[in-house]
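Please keep the sequence and the model in view while reading.

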Amino acid sequence: MSADAESDDMMFCASCGTAEVDDIKLKKCACNLVKYCSAACQKDHRPQHKEACKKRVAELREELLFKQPESSHLGDCPICCLPLAPSIDEKASPMMSCCSKRICSGCSFADQIRQLKEAQVRKCPYCRHQLPKSQEEAAQIRMKRVEVNDPVAIWRLGVRCRQEGDYESAFQHYKKAAELGNADAHYNLSCVYRDGEGVEKDKKKEVYHLEE
């Protein structure tokens, strides 16, 4: 199909031919090849479009999975805006309990030097809140982040629950964090379904969360 023909198809309902004009809005199919004016039209057109739709959806999925990302799932440092490098060492990009932000080691170190020189009370390099003085205080701050649906804080709570052997609670926290878009939670869910920790083993769900 040529680009012009595809463009024309996107201007009309693929089932009834209704044009997208004035207040008539067409909704794209998951394959992005055609549009429909209603759910009924999409259902009627499904038999003749099903094969092409499934093929294109699979192609789009492949493109998404194998596209080279601009940065890691950690994103960029919120201070210097440079990509955060994945590392098994938490010190490489420490996560602040007060705001759940990851700061690159360079910005974190530079801020520490500045605060020491100026004899300031240690504060978060990003949100400027005073750093917790104990693990208990840090845990209380993290729970406040959980209460406001911070996906990173919810994921970290899931990690803590798993470390304590509470697999059911860990699963619930991972699930909620994943629904809020946390990539680490999706990875942990894939491991949960692979190992059957608190849930039945499910290869399909394992692969799904691993791809997410």
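A polar atom of the N182 side chain lies 2.8 Å from the backbone nitrogen of A185; a polar contact is a pair of N or O atoms within 3.5 Å, where within protein one must be able to donate a hydrogen and the other to accept it, and residues adjacent in sequence count only if both atoms are side-chain atoms. The model is a predicted one, in which local features need pLDDT of at least 70 and side-chain atom pairs count only at pLDDT 80 or more, while totals for chains, interfaces and linings use all residues. Residues are numbered from 1 along each chain as its sequence is written, and side-chain values use heavy atoms, with hydrogens and water left out.

N182 is placed in the loop between α6 and α7; helices (H or I, at least four residues) and strands (E, at least two) are DSSP runs, numbered from the N terminus. With a relative accessible area of 8%, N182 is buried, a term that means under 20% relative accessible area, against over 50% for exposed and partly exposed in between (1.4 Å probe, protein chains only). Leaving aside residues up to four places away in sequence, N182 touches P151, V152, W155 and A177, where contact means heavy atoms within 4.5 Å.

The structure holds 1 aromatic pair. F171 and Y193 form this pair, which is edge-to-face, with 5.9 Å centre to centre and 90° between the planes. Rings of Phe, Tyr and Trp (its six-membered ring) pair if their centres lie within 6.5 Å; planes under 30 degrees apart count as stacked, over 60 as edge-to-face and the rest as tilted. The pair links distant parts of the chain, 22 residues apart, with F171 in helix α6 (residues 167-179) and Y193 in helix α7 (residues 183-195). Both F171 and Y193 are buried.

What is the shape of helix α2? It bends by about 75° at H49, the bend being the angle between axes fitted to the seven residues ending there and the seven starting there. Helix α2 (residues 39-66) spans only 32 Å between its end C-alpha atoms, whereas a straight helix of 28 residues would span 40 Å at 1.5 Å a residue; the expected span is 1.5 Å times one less than the number of residues. C41, H45, H49 and C53 of α2 are buried. An α-helix has 3.6 residues a turn, so residues three or four places apart point the same way. The cover over the buried residues of α2 includes β2 (35-36).
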